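Take a walk through this structure. Start with its sulfur links, then turn to the chain as a whole and to one pair of helices.

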Amino acid sequence: MRLSSVRPIFLLSSLLPLCASQLSECPGYTASNVQRGVGKITADLNLAGEACNVYGHDLRDLRLLVEYQTAQRLHVKIYDAAERVYQIPEDVVPRPPSNFVDSGTDMTFNMTADPFSFTVTRTSTGEVLFDTSGSALIFESEYLRLRTGLPEDPNLYGLGESADKFRLPTKNYSHTLWNAGEPFLPKSENLYGSHNVIYDHRGANGTSATFLMNSNGAKVNIVNDPEIGQYVEYNSLGGVLDFYFMNGDTPKEATTQYAELIGYPALMPWWGFGYHQCRYGMVDVWEVAGVVANYSAADIPLEVMWTDIDYMDYRRSLSLDPLRFPLDTMQQMVDTLHARQQKYIMMVDPAMAKYPYEPFRHGENLDAFMQTDNGTYTGVVWAGPSVFPDWFAPNTQQYWNEEFNRFFNAESGVNVDGIWIDMNEPSNFCDETCVPNPALFSIHNNDPPRPPPARMYSPYPIPGFPENFQPGCVAFTTFNVEADVNSTTDQFLLLGDAFSIGQGEPHDAPQMWPYDTDPPNWNLTVQLPPNSMINYQYALYHYGTDGSYTLEHQNRTVNTGGCNTMYAPYEVHDTMSSSNRSVSARAINIPAHHSSELNKRQQSELGQPGAMMGLPGRELLYPEYNISNYWPWGNLSVQTVPTDIVHANGLVEFDVHNLYGTMMSTATRNALLDRQPGKRPLIITRSTFAGAGKHVGHWFGDNISTWDDYRTSIRQMVEFAALFQMPMVGSDVCGFNGNTTVHLCSRWAMLGAFNPFYRNHDVQGALVQEFYRWPLVAAAARSAINTRYRLLDYLYTAMYRQHTTGTPTLNPLFFIYPEDANTFDIGTQFFYGESILVSPVLEENATSVEVYLPDDVFYDLHTHETVRGHGEMVMLSNISYTEIPTHVRGGSIVPMRMNSANTTAELRKQNFTLLVAPGLDGTAAGSLYVDDGESLEQDGVLDVRFEYSKDGVFSMGGTFGYETGVWIETVVLLGGDEEGVGERYGEASAVHGGVGRGNAKSLASATAKSRAAHGVVKLRLFNFPKSIPSTVSLLTTSASLASGVLLGTPGTAATSSSSANFSIISPATFTGSLPLMEACLLASEGLEASDLDVRR
């Protein structure tokens, strides 16, 4: 054990006032040798006085690098002159190329030489965005500090991952950046990811974003000091001060520049936006299949079924439990899902069990695991003693590719469609008491836990699945035992020669459970072969001591009867006395090997100029500066791997810890691409760093089934999508930990439909919460999924835009209304895309919610009622549990499918409708992107822009290179009256959906004019007279049009009711040159030709 591991906790707190006082005396630096080039400034920075040496030693010689990289992005880096201090490797987090803009930039860098400080200003206005003049720069071997002044009570956003307020508090707020596997999402604590970017929004004066490219543990303080004023203070345990400043006229411009810096997020496959289901604690493959069948029986669409670590053989990653999840049965289940147009995802943890199975042996042979001088580092996770991949090792990607190709092989393995990666901070249960003997530590902590009794057959029919998923002939038998067992140290086991009771192996024997305490009684119901004599005995597993087993002297027998059901089992009643026990073999302990010294591989690198490997001699386990890691005693290694581990390339875990999860994400994406080249992978991860969205999506971890966490999920998904450029995100719908309620789950099902990633997941032992469990929740889910699927193309289009431009998929209100100060603090309403305002009900048992409606016009998404906002709070009432208030923003055109479907594959066969929602100026616009939904490279796409002008002309144009096989069936014009669109709207009031019963206008097209690819189609829309007949048909007369040109079949008539919709046939997929399309309206009874505007 290291001497440092017994450091008294009180030292940290007692040193804080002294250290703070010493920091105030630090001399700062003086700038000299300033060189100015094209778009670039460099300078030397030298310590200006006597060193403070508060946290390590002050570095005397630094360098300054300033780059005007684009017109809106400025790079400022302060680093050690010898370049020995660790910097993030560019192959892990790539940097964008610098264009070295020399003029026309809207950001200006100015500095003061003595003492050194700098400002960043917006050139166009002279407004100061960043100002370090208020305090000295501190650059020590184990601590960096830089402080910037700000205006009073600024509007700041970002700093993730956290469960805190959306608009960051500005008085005495701190956020720690140290990736931690913290359950329950506590407030004011560091969570799974590190995103050190802050957005400073100043209304009409624009928005700036400041990103610190630093992966070391850090704490950022936002303070309003009566004497000093308002400031943000960056405190880091190491690395360099590598800042990127971005400036935009609007917050959307700032975040798109951030995307350009860290990388645009990956576009996920089309099916990934369907509804997902998981549950931790599934007994076996039949229970998984049963959930799928139950969703079908409940008429609730299910796109993707997931399996947590339950499938693993004693929690060993990349293994199958042969009794509960046998390979052949798993393959049958996956084949059945695929035949039903459904998908399957499994979890993979990074740590591999230190056990003689293929993933461990393979990784050892390739030196793919973290090493110390004494061998492979051993920690503890769910599988017990475990080893951890070293993503810096040269063979680790090969190892990961080969393991994925083996385990997930389409022919010989489990043919999954996506991957879920968890525990990748990395999480490690091994604390300092574990180091001498991880195996004994695992035994005491019951890792791995004993699995449930194996079943011979499914206990119930599973419609739609193969024969071996159906019930077989078994003898359900309940064993009742009176026995005095200390359950705090011992597990009481049923061991016998049958499949379900261990087949003579104590390790596989199922655990009995107490059901009474006076006298102590235990029971367990298992499946046994019918009409058989089964030998059995009782046993104790001493997990609280040494992991040994105590078995009965005697063998017992039971004669089973014929087939029965679990509801009428055979009963066995026994008594076990303490005199009837003997000791079996003891568990084998595997000693850990972990050095307290730096690995020798690094010694030749440390101290070499230009190596950027980190300084020698640092305190890597208990640094003096306390970043307030969520474990209060300051040890950075708590619940993770030791921070003095040295990676294969010489970097220490102390510096690169926050990169581990993102490096695993990258390796996993590479492995899936190696397995299925050309197909977009769907990967959901827990731990993230800036830029992780280029490869993966993220779920928000182990939340709780509470209304507070329901509200927190709104803030989190908007932060990740809009601020951190990671849009494929969502929470565990209905909550993970604890028991949900019918009303909470109903509301969360509705809210979850507007998460980009939509999954229901809960913890083992909690109340099961699949949507079909309660009639009200089932009804809410059907309503929610119906809306989500009809809008799926709208969501997919938004995701594509963010993938290509960084324009957010989800938007906080101030992104859409950047000059409306009332929106700056709103974190519980959001825009889905840029057009649909979502305003969830927020409180338990509530059927109303007070929402903010900006000064604009909105339309209820479902009733099409017009709501005129006036920049005020509005009470929406009478909101049932199968509704969520959603309003289309004026000025939008929203593409929707005419109908929902049971799978996203079937959804692609549904025709479109367009909702035209004119803004206050009478115009509207929108777009639609469609591709094949899965390929990385597309042969052709449909990318169409829709516009509606205030004089009533609808037009659409763009790229028509993908054959959709469907057509735009209706166009619905919202709002207005007989006097014209955009002239008069109803007033908002306290009624759900608003008041002012605007009607959807009737539309007709008399002209359809088309051109070749990248052409434009224009349709004249106008109001019919009041005497319009109930039905009007539109038919193309051009029989020579290529198949698919009309989104439907040429020559097919479409009909429309005059009350709201009008059918159009419009070219939406051009596959080459296209003749002009002549369209005519077939007059119906009562419709005169003079009523129509027919032009070619």
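A disulfide here is a pair of cysteine sulfur atoms within 2.5 Å. By that rule the chain has 4 disulfides. This is a predicted model: local features need pLDDT of at least 70, side-chain atom pairs count only at pLDDT 80 or more, and totals for chains, interfaces and linings use all residues. Residues are numbered from 1 along each chain as its sequence is written, and side-chain values use heavy atoms, with hydrogens and water left out.

Number the bonded cysteines in sequence order, and the pairing reads 1-2, 3-4, 5-6, 7-8. Take Cys 430 and Cys 434. Their sulfur atoms are 1.8 Å apart. The torsion about their S-S bond is about -100°, so this disulfide is left-handed. Cys 430 counts as buried, at 8% relative accessibility. Cys 434 is buried too, at 0%. Buried means under 20% relative accessible area, exposed over 50%, and partly exposed in between (1.4 Å probe, protein chains only).

Next come Cys 473 and Cys 563, with sulfur atoms 1.6 Å apart. This link is also left-handed, with -85° about the S-S bond. The pair joins distant parts of the chain, 90 residues apart. Cys 473 sits in the loop between helix H7 (438-444) and strand E26 (475-483). Cys 563 sits in the loop between strand E32 (556-559) and strand E33 (570-576). Cys 473 is partly exposed, with a relative accessible area of 34%.

Cys 734 and Cys 745 form another disulfide, their sulfur atoms 2.1 Å apart. With 80° about the S-S bond, this link is right-handed. Cys 734 lies in the loop between strand E39 (732-733) and H12, and Cys 745 lies in helix H12, so the pair ties together parts 11 residues apart in sequence. Both Cys 734 and Cys 745 are buried.

Now the whole chain. It has 16 helices and 59 strands. These are DSSP runs, helices (H or I) of at least four residues and strands (E) of at least two, numbered from the N terminus. Of the 1096 residues, 64% are buried.

Finally, look at helix H11 (residues 707-723) and helix H12 (residues 742-752). They pack at an angle of about 10°, with axes 10 Å apart. Axes are lines fitted to C-alpha atoms, for helices over the stretch in contact, and angles run from 0 to 180 degrees between N-to-C directions. H11 is therefore roughly parallel to H12, a label for angles under 35 degrees. Contact means heavy atoms within 4.5 Å. Among the residues making it are Trp 707 and Tyr 710 of H11 and Leu 744 and Trp 748 of H12.

Notes:
Parallel < 35°, antiparallel > 145°, perpendicular 65-115°, else oblique.
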